[in-house]
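Please keep the structure at hand while reading.

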Amino acid sequence: MTIVFETERLRVRCLRENDNVDFYKLMSNPKVVIYTPSKVLNRAESDLKLASLINTNHHFWAIELKTTNKFIGIAGLKIQSKSIAEIAYSIREEYWGERYGTEIATGLIEYGFNHFNYSKLLAYADPKNKNSLKILSKQMNYLGSFYSEEYKCDDETFELTKKQWSQIN
């Protein structure tokens with residue numbers, strides 16, 4: 001198992017083909033994907049999406065609980081440029097309300113700045129996703145709303161520079 005980084009309760013590791021069952025549980029749940037650019041995926045689509053994340057240039061990983069090794073979601077740093085990345089995460093519904101979103105967002109920010117030395121991190125959230133908006137507004141600076149032509153949806157935008165992060169950490 002290739003561990004990417006760990007937080008207090010979570011382990012972030014490389015995605016594997018045998019994550020397919022749990023990945024499908026994540027990507028086939030309408031309550032999860034409603035806030036993402038994805039649609040609800042059937043099993044074949046989910047397997048293709050998992051394979052593409054395993055083989056992409058972006059950095060997407062599995063999130064698992066340290067205590068049980070249970071797959072609870074995915075997280076990643078989507079490369080925007082050499083010095084900028086977007087943090088992203090999705091957590092399976094049965095693990096909502098446990099503050100894992102806050103923990104993984106913090107871990108992604110620390111990893112993006114410390115390991116990849118990005119100068120800026122971005123995050124986008126659906127305006128209806130109140131939990132992610134709350135998490136991101138505590139850790140990043142709110143920039144405003146915009147309409148994404150790529151995904152055909154409204155998004156709220158957040159940003160944090162390495163300099164800003166260094167001053168508070």
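## Packing of helix α1

In this predicted model, the buried residues of α1 pack against α2 (30–33), α3 (43–54), β4 (71–79) and β5 (84–91). The residues concerned, in the helix that spans residues 20–27, are D22, F23, L26 and M27. Seen down the axis of α1, these buried residues fall within an arc of 135°, so they line one face of the helix.

## The setting of D155

D155 lies in strand β8 (residues 153–161), where it is buried yet has no salt bridge. The nearest side chain of opposite charge, that of K128, is 8.7 Å away. Leaving aside neighbours within four places in sequence, D155 is in contact with Y124, A125, D126, P127, G144, S145, F146 and S148.

## Aromatic pairs

The structure holds eight aromatic pairs. The rings of F113 and W165 have their centres 5.2 Å apart and their planes at 40°, so this pair is tilted. The pair links distant parts of the chain, with F113 in helix α4 (residues 100–114) and W165 in helix α6 (residues 162–168), 52 residues apart, and both F113 and W165 are buried.

Y124 and F146, which are among the contacts of D155, form an edge-to-face pair, at 5.6 Å centre to centre and with 65° between the planes. This pair too links distant parts of the chain, from Y124 in strand β6 (residues 120–125) to F146 in strand β7 (residues 141–148), 22 residues apart. Y124 is partly exposed, with a relative accessible area of 27%, and F146, at 33% relative accessibility, also counts as partly exposed.

A further group, made up of F5, W61, Y111, F116 and Y118, forms one aromatic cluster.

Notes:
Residues are numbered from 1 along each chain as its sequence is written. This is a predicted model: local features need pLDDT of at least 70, side-chain atom pairs count only at pLDDT 80 or more; totals for chains, interfaces and linings use all residues. Side-chain values use heavy atoms; hydrogens and water are left out. Buried means under 20% relative accessible area, exposed over 50%, partly exposed in between (1.4 Å probe, protein chains only). Helices (H or I, at least four residues) and strands (E, at least two) are DSSP runs, numbered from the N terminus. The arc is that of the directions from the helix axis to the C-beta atoms. Contact means heavy atoms within 4.5 Å. Lys and Arg count as positive and Asp and Glu as negative; His and the chain ends are not counted. A salt bridge is a side-chain nitrogen of Lys or Arg within 4 Å of a carboxyl oxygen of Asp or Glu. Rings of Phe, Tyr and Trp (its six-membered ring) pair if their centres lie within 6.5 Å; planes under 30 degrees apart count as stacked, over 60 as edge-to-face and the rest as tilted.
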